[in-house]
Amino acid sequence: MTQARTLVLAPVLVLVLAFGGAGAQAQTLIEEWDQAKFPPAPALKPAKIVPGETALLVMDFTKQTCTPERRKRCADSVPKVLKLVTEARSKGALIIYSVAVPNSVPADILPELTPAAGEQVLPPLGPDKFINSELEKTLKDKGIKTVVAMGTQAQTSVLHTGATAALKGFKVIVPIDGMSADNVFPEAYTAWHLSTAARISANVTLTKFDMIGF
């Protein structure tokens, strides 16, 4: 190889070696997954329900999604959810239910949480109950300023519906012991996202049932 040809090819070889080596060593979050560390747990805060201005969203507590066999963490949350729903209903708060599984109907809601006469049940809408529904209109027509988001799974109905409500200007109360998933990670992620995401976290109060008052 002549000296001139060597001088021409040298920069090309340098680039090939540089980028080839970098590509071989590059990592994505998948390779780094085991190195990820949980951030500190978000703080829980007291929350107050003003019945005439608050709607409880009781999302997807159905026979298909919330039994000890299917999702024990959800089944374990039901007594606390029922207690809040019963008390809020007695004080005049708006209660709105939803079902999740395609083709499911109001009768699929757990017997313990059967809606009272006249209470709305949203059909299977997917993770965000605002999409393809009149939920926002219903809330605004009734003067609702705050929603309490409870449901399963946490990373679907609670995360997406709660986040959308916050972005639409509603205050959102999320009792962490009223949202459930198959295991703790989706619940932790949901709590972290709602408490840290820009334009969402400012409207979200993470709490637990025994910190909610009227």
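Me: Which residues make the nonpolar surface patch of about 540 Å²?
Reply: In this predicted model, the patch is made by Phe-38, Val-184, Phe-185, Tyr-189 and Trp-192.

Me: Where is Phe-185 found, and is that residue buried or partly exposed?
Reply: Phe-185 is found in helix H5, which covers residues 184–196, and with a relative accessible area of 45% Phe-185 is partly exposed.

Me: Switching to cysteines, how many disulfides does a search of the whole structure find?
Reply: The search of the whole structure finds one disulfide, and that bond is formed by Cys-66 and Cys-74, with their sulfur atoms 2.1 Å apart.

Me: Which hand does the link of Cys-66 and Cys-74 have? And are the two cysteines buried or exposed?
Reply: The link is left-handed, with -100° about the S-S bond, and both Cys-66 and Cys-74 are buried.

Me: OK, on to the sheet. What about strand S3, mostly covered or mostly open?
Reply: Strand S3, residues 94–98, is mostly covered, since four of its five residues are buried.

Me: How many bridges pair S3 with strand S2, and in which sense?
Reply: S2, residues 54–59, pairs with S3 in the parallel sense over five bridges, and in this pairing Val-58 stands opposite Tyr-97 in S3.

Me: New topic: how many salt bridges does the count come to?
Reply: The count comes to 11 salt bridges, and one of them is the contact between the side chains of Lys-145 and Glu-53, at 3.8 Å from N to O.

Me: Where do Lys-145 and Glu-53 sit in the chain?
Reply: Lys-145 is in the loop between helix H3 (135–141) and strand S5 (146–152), while Glu-53 is in the loop between strand S1 (47–48) and S2, so that the pair links distant parts of the chain, 92 residues apart. Glu-53 counts as partly exposed, at 30% relative accessibility.

Me: What is the N to O distance for Asp-182 and Arg-71?
Reply: The side chains of Asp-182 and Arg-71 meet in a salt bridge at 2.8 Å, N to O. Asp-182 lies in the loop between strand S7 (179–180) and H5, and Arg-71 lies in the loop between S2 and H2, so this pair ties together parts that are 111 residues apart in sequence.

Me: Are those two partners buried or partly exposed?
Reply: Asp-182 counts as partly exposed at 43% relative accessibility, whereas Arg-71 is buried, with a relative accessible area of 5%.

Me: And what about Lys-72 and Asp-76, how do they sit in helix H2?
Reply: Their side chains meet in a salt bridge at 2.7 Å, N to O, and because Lys-72 and Asp-76 are four residues apart in helix H2, they are separated by about one helical turn. Asp-76 is partly exposed, with a relative accessible area of 48%.

Me: Last one: which residues do salt bridges with shared partners join into one network?
Reply: That network consists of Arg-70, Arg-71 and Asp-182.

Terms used
Residues are numbered from 1 along each chain as its sequence is written. This is a predicted model: local features need pLDDT of at least 70, side-chain atom pairs count only at pLDDT 80 or more; totals for chains, interfaces and linings use all residues. Side-chain values use heavy atoms; hydrogens and water are left out. Patches are made of residues with over 30% relative accessible area and no salt bridge: like charges are joined within 9 Å, nonpolar side chains (Val, Leu, Ile, Met, Phe, Trp, Tyr) within 5 Å. Accessible areas come from the Shrake-Rupley method with a 1.4 Å probe; for residues, only the protein chains shown count as cover. A salt bridge is a side-chain nitrogen of Lys or Arg within 4 Å of a carboxyl oxygen of Asp or Glu. Helices (H or I, at least four residues) and strands (E, at least two) are DSSP runs, numbered from the N terminus. Buried means under 20% relative accessible area, exposed over 50%, partly exposed in between (1.4 Å probe, protein chains only). A disulfide is a pair of cysteine sulfur atoms within 2.5 Å. Two strands pair if DSSP finds at least two bridges between them.
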